[in-house]
Amino acid sequence: MEPISVTALSFTEYAMSGQRGRISIVSEQRRVYLAPEQWVAGFYNPMRDAMRRAANSPDPAAELDKAVEEAHRHPRAGQPRAFEELREGFLPWLLATRATGVPTGAARWQAGELALRVRPHLGLRLPDGSRAAVLVYVKEAPLTQEAANVGLRILQQTMADTLPGAVPLVLDARRGRAFRMSRRTNLAKLDALIAAEAAGYVVHWRMSA
């Protein structure tokens, strides 16, 4: 069988959902990934694009405002409010980092029949010269450290291809909160958890066909 291919962030969202909600979230992700209508998969893409432009702009607020205004001009259900909340959370965080954008590459992470497409939504250069590779979480439910660790570990394991030497971050954009991996994290246990979650994702994907 061909591997199931989704993004690292989609898999992270699966990992953060409770047992009762996992089949539902995989069914929804399957519908999005296999939908012929491109707008379904691209609901948040205009704001993520605006975030990348904002990181390289002398006026980051203007870049985010354009995406919000466009959502109001051509509204899809829930999009204007979602974009406003993302702007209000992301902009103060970006300004506080005083970072500028840098390009990122792409990688592939695989466990069994699950292949994850890994490309940080943002590459940032911080004032001290260090760099960060950022997955941007945009959904309404708050992100937890436990769920962020899944995305952080996958970023960590693919950093040589995406942004060598960078620090991995997962940003809860609506709340302007960036998660990083604690030095006390037991990586062996985390890797075992991720392997189990990957196997579970495949089962739920096949069951929702």
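Which residues form a nonpolar patch on the surface?

Tutor: This is a predicted model, in which local features need pLDDT of at least 70 and side-chain atom pairs count only at pLDDT 80 or more, while totals for chains, interfaces and linings use all residues. Residues are numbered from 1 along each chain as its sequence is written, and side-chain values use heavy atoms, with hydrogens and water left out.

The nonpolar patch is formed by Ile 23, Val 203 and Met 207, which together have about 290 Å² of accessible area (Shrake-Rupley method, 1.4 Å probe, with only the protein chains shown counting as cover for residues). Patch members have over 30% relative accessible area and no salt bridge, and nonpolar side chains (Val, Leu, Ile, Met, Phe, Trp, Tyr) are joined within 5 Å, like charges within 9 Å; a salt bridge is a side-chain nitrogen of Lys or Arg within 4 Å of a carboxyl oxygen of Asp or Glu. Ile 23 lies in helix H2, residues 22–34 (helices are DSSP runs of H or I with at least four residues, strands are E runs of at least two, numbered from the N terminus). Ile 23 is partly exposed, with a relative accessible area of 39%, where buried means under 20%, exposed over 50%, and partly exposed in between, with a 1.4 Å probe and protein chains only.

Turning to another helix, in H4 the residues Met 47, Arg 48, Ala 50, Met 51, Ala 54 and Ala 55 are buried. Seen down the axis of H4, these buried residues fall within an arc of 155°, so they line one face of the helix (the arc is that of the directions from the helix axis to the C-beta atoms). H6, residues 79–97, has 19 residues and reaches 26 Å from its first C-alpha to its last, close to the 27 Å expected at 1.5 Å a residue, the expected span being 1.5 Å times one less than the number of residues. H6 is followed by Arg 98, whose phi is positive, near 55°.
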